Protein chains: 2
Amino acid sequence: MNYENLLREHGLKVTPQRLGILSLMDQKGHISVDELYLNIKDQFTSISLATMYKNVNSMMASSVITEVKIPKQKSRFEIAKEAHGHLLCQECGEFMDIELDLEKIVDDVSIKSKYKLVETSLVLSGICPLCQHSSASPVSIFPVAHSHI
Amino acid sequence: MNYENLLREHGLKVTPQRLGILSLMDQKGHISVDELYLNIKDQFTSISLATMYKNVNSMMASSVITEVKIPKQKSRFEIAKEAHGHLLCQECGEFMDIELDLEKIVDDVSIKSKYKLVETSLVLSGICPLCQHSSASPVSIFPVAHSHI
DNA sequence: TCTTAAAAGAAAATAATTATCCTTTAAGTA
DNA sequence: TACTTAAAGGATAATTATTTTCTTTTAAGA
C-alpha cells in the first residue's frame with residue numbers, strides 16, 4: 001500500500017515522520033505509542049514525543065489509523081481496515097487480528113435496540129497454544145514475547 | 001446483592017469506602033474513576049483520590065469489578081458479572097449492557113487458533129434511536145446525557 | 001479488649017498526554 | 001523554479017492521570 005496517497009486522500013500532509021509511523025505500524029501490525037516512539041527514534045533521531053502524539057491523534061481523527069483498547073494493557077494502534085476482531089494471549093502477549101462474522105449479532109442488536117451501529121470492537125483473550133504447554137511459565141516480563149505462528 | 005459478602009468472599013476487607021463505591025456502581029451501572037470520585041465525595045467528604053484508585057485496583061485484581069475499555073472514551077467500571085457486551089451511543093453517551101451470544105464465534109476462534117479463551121470484550125457503538133431523530137444535534141458536551149430506555 | 005495486617009488519607013513522585021511557542025517544511029500558486 | 005502560507009515539527013512547559021510513600025486508622029480475628 002502507498003502511504004503517501006493514503007495520507008493525501010485523508011487530507012493530511014505527507015511528512016517523513018508520518019510515513020515512518022505508518023511503515024512501523026505496517027511491520028508490527030499493532031503497536032503502542034511508546035513502542036512506536038522507541039522504534040522510530042532510530043530513523044528520526046530528533047523526533048519529539050509530542051510529534052508522535054500529534055500524529056497519532058491527527059491520523060486517528062482522519063481515520064487513517066485506529067486505536068485498539070485492550071483489557072489490562074495499553075492501547076495499540078493499527079492502520080485502519082475493515083472491521084475485524086483481536087485475539088490476545090494473556091501469558092506471552094501475542095496479539096493478532098482475527099476474521100469475524102459479527103453480522104448476525106450486529107443485526108440482532110440493531111433490531112432490538114434500534115441503534116444504527118457504526119463500529120464494533122471485539123477483543124478475545126486467553127492462552128495461546130504454546131503457553132498452554134509451557135506449563136509453569138509465569139506472565140512474561142516482556143510486552144511482546146516469543147513469536148510463534 | 002450483599003456487597004459485604006461479595007467483598008469477604010473475595011478476601012477483601014469490608015470498608016465503608018468500598019461499600020460506597022460498589023453501591024455507586026450498582027446505581028449507575030457503569031462509572032469512570034473520576035465520576036466515582038465526584039459522586040462519592042458527598043458521602044465521604046475526606047476520601048482520598050488515592051483511595052479510589054487503590055480500591056478500584058484491588059477490586060479489579062480480585063475480580064469484584066471489571067474495567068470496560070471503550071473506544072474514544074475513558075474506561076468505566078462495573079460490578080463483575082457473567083460475560084456480556086456493551087452498546088454505546090456516540091452522540092449522547094448512553095451506555096448499556098447487551099446480552100450476547102458469542103458462543104459460536106468463541107468456539108470458532110478457539111478451534112482455529114487453538115487458544116483457550118477466558119475473556120471477551122465487545123463494545124458496539126452507534127447512534128441511539130433518539131439521537132437519530134433529533135437530527136442536527138451535535139455531540140453532547142455532557143458525558144451522560146438524556147436517559148431514554 | 002488486644003493485636004496486627006490491611007486500608008485510609010495526605011502529599012509527593014511518576015507517567016501519560018496535551019498545550020504553547022517558535023522554527024521548519026509540504027504543497028499549492030505565481 | 002521561487003514564493004506564500006497553513007500545517008507540521010521540535011523543545012519545553014503545563015496538565016492530567018495514576019502510583020508510591022509514609023503515617024494514622026480500622027476491620028477482623030484471637
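This is a predicted model: local features need pLDDT of at least 70, side-chain atom pairs count only at pLDDT 80 or more; totals for chains, interfaces and linings use all residues.
Colleague: OK, DNA strand C. Which residues come nearest?
Modeller: There are 21 residues around DNA strand C, and the nearest are A:Val14, A:Tyr53, B:Thr15, B:Arg18 and B:Lys54. A residue is near a strand if one of its heavy atoms lies within 4 Å of it. Of the atoms of DNA strand C that come within 4 Å of the protein, 69% belong to sugar and phosphate.

Colleague: What does B:Lys54 reach on DNA strand C?
Modeller: A base oxygen, which lies 2.7 Å from a polar side-chain atom of B:Lys54. B:Gln17 has a polar side-chain atom 3.0 Å from a sugar or linking oxygen of DNA strand C.

Colleague: Which element gives the most to the surface near DNA strand C?
Modeller: α4(A), with five residues. At least two residues each come from α4 (49–61) of chain A and from α2 (16–28) and α4 (49–61) of chain B. Those helices are DSSP runs (H or I, at least four residues), numbered from the N terminus.

Colleague: And how does that surface divide by class?
Modeller: The surface near DNA strand C has seven nonpolar, seven polar and seven charged residues. Here Ala, Val, Leu, Ile, Met, Phe, Trp, Tyr, Cys and Pro count as nonpolar, Asp, Glu, Lys and Arg as charged, and the others, Gly among them, as polar.

Colleague: Switching to DNA strand D, which residues come nearest there?
Modeller: A:Thr15, A:Arg18, A:Lys54, B:Val14 and B:Tyr53, out of 21 residues around DNA strand D. Sugar and phosphate make up 71% of the atoms of DNA strand D that come within 4 Å of the protein.

Colleague: How far is the side chain of B:Tyr53 from a phosphate oxygen of DNA strand D?
Modeller: An N or O atom in the B:Tyr53 side chain is 2.2 Å from a phosphate oxygen. For A:Arg18 that distance to a phosphate oxygen of DNA strand D is 2.9 Å, and for A:Asn55 it's 3.1 Å. On this side α4(B) gives the most to the surface, with five residues.

Colleague: What about the two chains, how many residues are in contact?
Modeller: 36 residues from chain A and 36 residues from chain B, with contact meaning heavy atoms within 4.5 Å. A:Lys69, A:Tyr115 and A:Glu119 supply 23% of the area that chain A buries against chain B, more than any other three residues. Buried area is the accessible area (1.4 Å probe) that two parts lose on being put together, summed over both.

Colleague: How much area is buried between chain A and chain B?
Modeller: About 3,000 Å², with carbon and sulfur atoms giving 62% of it.

Conventions. Residues are numbered from 1 along each chain as its sequence is written. Chains are lettered from A and ligands numbered from 1 in the order in which they are written. Side-chain values use heavy atoms; hydrogens and water are left out. A polar contact is a pair of N or O atoms within 3.5 Å; within protein, one must be able to donate a hydrogen and the other to accept it, and residues adjacent in sequence count only if both atoms are side-chain atoms.
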